[in-house]
Amino acid sequence: MASWRRFAAGGALLVLAVGAAQAGPTLEAVRARDALLCGISPGMLGFSHPGTTPGHWEGMDVDICRAVAAAVLGSGDKVKFVHLQVDERLPALREGRFDILAFAASYTMSRDTSMGAQATVVTYYDGQGFMVPTASKVRNTRQLRGKPICVTTTGSSEQTLQEYSDAQKMGFKLLRFARFKEAAEAYLARRCAAISADATSLAVIRRTQTPLPADHLILPELISKEPLGPLVRRGDDAWALVVTWVIQGLIAAEEHGLTRANVVEQAASNPNAEVQRMLGRSGDSGKMIGLERDWLLNALRATGNYGEIFARNVGVDSPLGLPRGLNALWSHGGLQYALPIR
C-alpha cells in the first residue's frame, strides 16, 4: 500500500510538472522584443504580398503569423516581416533571423531531420504540377513526353520532376533556372512546352503574369505531395508547441463555427465543453503552452478561423480563386482535421 501511495504521489507531481509549459528561448525573445519576427516570401499572391495600404502585408502565410502574434502578445499587429528568397529560407531560419518561417516550405524528411528545421502543422496541401498554353491542346502529362519543361533548381521541384520523368519514361528535357521568376519568364516566352512547380505557384503566374489567365491551363495531374506549413528552428520544443497549437486552434475554431465576428459572443454563450476550453472560459489550455488563457480568443479576433483565412486569401472568391479541395475540413471531404484541445 505504501508503495502505491508513493507511486500515486509521484504521478500527481508529474502531472503538475507537465501541466504548465516552461517558456523556451524563442518565446522569451518574442515577449522581450514585443514583436514576432516572421520570414515570408517577398511577394506571392495569396500567401504574402503587399496590400493596398502601404507597409501592410496580406496573405495566408501573413495571417498565420498574425494569429501567432495575437496568441502570444495579444495583438496581430505585433509582427515584423523578414522578406526572403527561396534559397535563403532555411539558412536564415537556422541563423535565428526570425522566429517562424511561413514561406511555402514543403514538409519533407530531409528538412525535418537534417536542416535544422521543425515542422508544425500543414496549412496548405499542395502538389507539383504542370501549366501549359491552352492553345497547345495539351491536356495531360503524357502529351508532354520528350518536351522541354521549365523548372527551378531551388527547392525540390527539379528533383521531383526528374524522378517523375525517369519513372514514367517521359524523357523530359529540363530547362533549369535558379529563380522561379526566370523560369516563369522563359515559359511565357515559349522557350518550353510547360512549366512545372507547385500548383499554387502556377496559379500565381497565371493570375499575375499573363494578360489573359484563360490562355494558360494547369493540368489536373499532380506528380508529388507538397504539404506546406510554417517551420520553426529545431531544438526549442516549447516554441514549436506554441505555433502548432495556435494553428490547431484555428482549424478547431472552423470545426466549431467560431469566427472573427462571433467569437466574443460564443465565448460567453456557447455551452460546448471544448469551445469553453478553447476560449479560456473553462480550465486553462493556454497554461499548457506557456500562454495566457485567452490565447486562442485573441488569435481568432485577429484573423478569424482557418476557413476565413483560406477564403479571403486564396479561396474561390479571392483574386487567386483556388477551391478548398484537400484543404477542406475532414467533415467536408478534405484533410484538415484539428486535434482535440483538452
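Which residues does Gly249 touch, not counting residues up to four places away in sequence? The answer is in point 4, after some notes on the chain as a whole.

1. Overall make-up. The model is a predicted one. The protein chain holds 13 helices and 14 strands. Its radius of gyration is 22 Å, which agrees with the value near 20 Å that a compact globule of 342 residues would have. The C-alpha trace spans about 75 × 45 × 40 Å along its principal axes.

2. Of the 342 residues in the protein chain, 51% are buried. The accessible surface comes to about 15900 Å², and carbon and sulfur atoms make up 54% of that surface. Among contacts with a separation of 6 or more, 70% are between residues 24 or more positions apart.

3. Helices H3 and H13. Helix H3 covers residues 60-73 and helix H13 covers residues 306-313; their axes come within 9 Å and cross at roughly 150°. The crossing is right-handed. On the H3 side the contact involves Met60, Asp63 and Ile64, and on the H13 side Tyr306, Ile309, Phe310, Arg312 and Asn313. By class, this contact has five nonpolar residues, two charged residues and one polar residue.

4. Gly249. This residue lies in helix H9. With neighbours up to four places away in sequence set aside, Gly249 touches Met278, Leu296 and Ile341. Gly249 counts as buried because its relative accessibility is 0%, and the cut-off for buried is under 20%.

5. Glu254. Helix H9, residues 237-255, also contains Glu254. Is Glu254 buried or exposed? Its relative accessible area is 18%, so Glu254 is buried under the 20% cut-off. Beyond its neighbours within four places in sequence, Glu254 is in contact with Asn305, Tyr306, Gly307, Arg324 and Leu329. Tyr306 is also one of the H13 residues that meet H3.

6. Arg293. This arginine is in the loop between helix H11 (273-278) and helix H12 (295-303). Arg293 counts as partly exposed because its relative accessibility is 38%, which falls between the 20% and 50% cut-offs. Its contacts, leaving aside neighbours within four places in sequence, are Leu279, Gly280, Ser282, Gly283 and Asp284. Arg293 and Arg277 are 16 residues apart in sequence, and their C-alpha atoms are 8.9 Å apart in space.

7. Lys169. Most residues other than glycine have a negative phi. Lys169 is not a glycine, yet has a positive phi of about 55°. The residue is placed in the loop between helix H6 (157-168) and strand S10 (173-177). At a relative accessible area of 67%, Lys169 is over the 50% cut-off and therefore exposed.

8. Arg190. Where does Arg190 lie? Arg190 is in the loop between helix H7 (180-188) and strand S11 (194-198). Its phi is positive, at about 65°, although Arg190 is not a glycine. With 57% relative accessibility, Arg190 counts as exposed.

Methods: Residues numbered from 1 in each chain as written. Predicted model: local features only at pLDDT ≥ 70, side-chain atom pairs only at ≥ 80, totals over all residues. Heavy atoms only, no water. Axes fitted to C-alpha atoms, helices over the stretch in contact; angles between N-to-C directions. Helix = DSSP H or I, 4+ residues; strand = E, 2+ residues; numbered from the N terminus. Left-handed = near helix turned anticlockwise from the far one by under 90°. Contact = heavy atoms within 4.5 Å. Nonpolar A, V, L, I, M, F, W, Y, C, P; charged D, E, K, R; others polar. Rg over C-alpha atoms; globule rule 2.2 N^0.38 Å. Buried < 20%, exposed > 50% of the residue type's maximum accessible area, 1.4 Å probe, protein only. Areas by Shrake-Rupley, 256 points an atom, 1.4 Å probe, with all protein chains shown as cover.
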